[in-house]
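Thanks for coming. I have one structure to go through today, and I will keep to what was computed from its atoms.

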Amino acid sequence: MGAEDSFDRKVSRTKAKDAAAKALIYVVLTLWALTTIYALFWVVNNSFKEKSEILTNSFSLSVMPVLDNYKTAFGRMNIGRAYLNSLIISGTTVALVMVLGGLAAYAMTRYDFRLKTPLYILLSGSLLFPAFSTIVPIFKMVLDMGLVSSRLGVIIPQTASNLSFATIVLMGFMSNLPLELEEAAFMEGCGVFRIFFRIIVPVSKPSFATVAIFTFLWSYNDLFVQMVILRKRETFPICSLLNEISSQFGTDFGLMAAAVTIVVLPVMIVYLLLQKNIVKGLTAGAVKG
């Protein structure tokens, strides 16, 4: 009985330590989440205030909300057109990355060819180079193609910069797909592209969703490439327009808060709606069997 009592006490102490550790983790994560949420709430709250109210008391709740800042943003700053430019650039980039990255990943996982290993090493190594180190040759190529101040001049570099990540993520998933599915389709007379689009793509939806989400977020927030290549205001995406607003109307804090809210809101919605796909797509295929 003494040995059993000692074992029970040890189990109880272990459970108590685990519960305390879990409680501490939840407290820390809750505090961290509150600091992030409060910063967002502060920006949104000030976007409904007049400039004088922000200067006198920026941390108080907006008692009488006003929409003047949003009217100015959508009217004088033409944010609607900037949203359209962002949608065209990011949407096209996502589509190209998914198609090209998917085909590349399928070829890398299903075919053996010369220089396959060096190509994979190059794909992995390219992730180590920041965008700042390649912007000069990128701009030179875009200039030679006559695509400066063109949306296509941003789409091409963004597609190229996201292909390595997309290919590696999709390879991790496709390498664990059973070959029997493709063999059965091949016996039925399906070609390579039909097998890819009819079988591989539907089965790999979680991984493609992850690639689409990350590519959209990176393209949407890629201010550096946009500033270098886009020179005409009518082609500015939303992030470039926000940068212009901050430089020209930096003292108009209400307008700045409204502009930041407008820029962040789509990203927040996309992430909240698709966050499960991000985790699922990154972990799917990590364990065989």
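Some ground rules before that. This is a predicted model, so to speak of local features we need pLDDT of at least 70, and side-chain atom pairs count only at pLDDT 80 or more, while totals for chains, interfaces and linings use all residues. Residues are numbered from 1 along each chain as its sequence is written, and side-chain values use heavy atoms, with hydrogens and water left out.

First, the fold. The chain has 13 helices and 0 strands; helices are DSSP runs of H or I with at least four residues, strands are runs of E with at least two, and both are numbered from the N terminus. Of the 289 residues, 35% are buried, where buried means under 20% relative accessible area, exposed means over 50%, and partly exposed is in between, with a 1.4 Å probe and protein chains only. A contact here is heavy atoms within 4.5 Å. Among contacts with a separation of 6 or more, 70% join residues 24 or more positions apart.

Next, the cores. A nonpolar core is a set of buried Ala, Val, Leu, Ile, Met, Phe, Trp, Tyr and Cys residues joined through side-chain atoms within 4.5 Å. As background, nonpolar side chains in soluble globular proteins tend to be buried together. Which members of the largest nonpolar core touch the most other members? They are Ile79, Tyr220, Ile238, Leu241, Ile245, Ile262 and Val263, out of 23 residues. Two or more residues each come from α3 (68-75), α4, α10, α12 (238-248) and α13 (253-283). The largest share, 7 residues, is from α13. Taking Val263 by itself, and not counting residues up to four places away in sequence, its contacts are Tyr83, Tyr220, Ile238, Cys239 and Leu242. A second, separate core has 21 residues, including Ala105, Val169, Leu170 and Cys190.

Cys239 is buried at a relative accessible area of 9%, and Cys190 counts as buried because its relative accessibility is 18%. The whole structure has 0 disulfides, a disulfide being a pair of cysteine sulfur atoms within 2.5 Å.

The search uses a 1 Å grid over the protein atoms alone: a cavity is a set of points where a 1.4 Å probe fits but cannot get out, a pocket is an open set with protein on both sides within 12 Å along at least five of seven lines, and lining residues have an atom within 4 Å of a point. Grid points are joined across faces, edges and corners, and a volume is the space filled by probe spheres set on the points.

The largest pocket has a volume of about 700 Å³. It is lined by 23 residues, and Phe129, Ala131, Pro157, Ser161 and Asn162 are the closest to its centre. At least two lining residues each come from α6 (135-144), α7 (151-174) and α10 (205-220), with α7 giving the largest share at 8 residues. By class, the lining is 15 nonpolar, 7 polar and 1 charged. For those classes, Ala, Val, Leu, Ile, Met, Phe, Trp, Tyr, Cys and Pro are nonpolar, Asp, Glu, Lys and Arg are charged, and the others, Gly among them, are polar.

The second largest pocket holds about 200 Å³. Its lining includes Tyr106, Arg110, Glu182, Glu183 and Phe186. Here α8 gives the most, with 4 residues, and the classes are 6 nonpolar, 1 polar and 3 charged.

Last, the two single residues. Ser240 lies in helix α12 and is buried, at a relative accessible area of 4%. Apart from neighbours within four places in sequence, Ser240 is in contact with Leu223, Gln226 and Met227. Phe214 is in helix α10 and counts as partly exposed because its relative accessibility is 21%. The C-alpha atom of Phe214 is 9.0 Å from that of Val94, and the two residues are 120 apart along the chain.

That is the end of my list.
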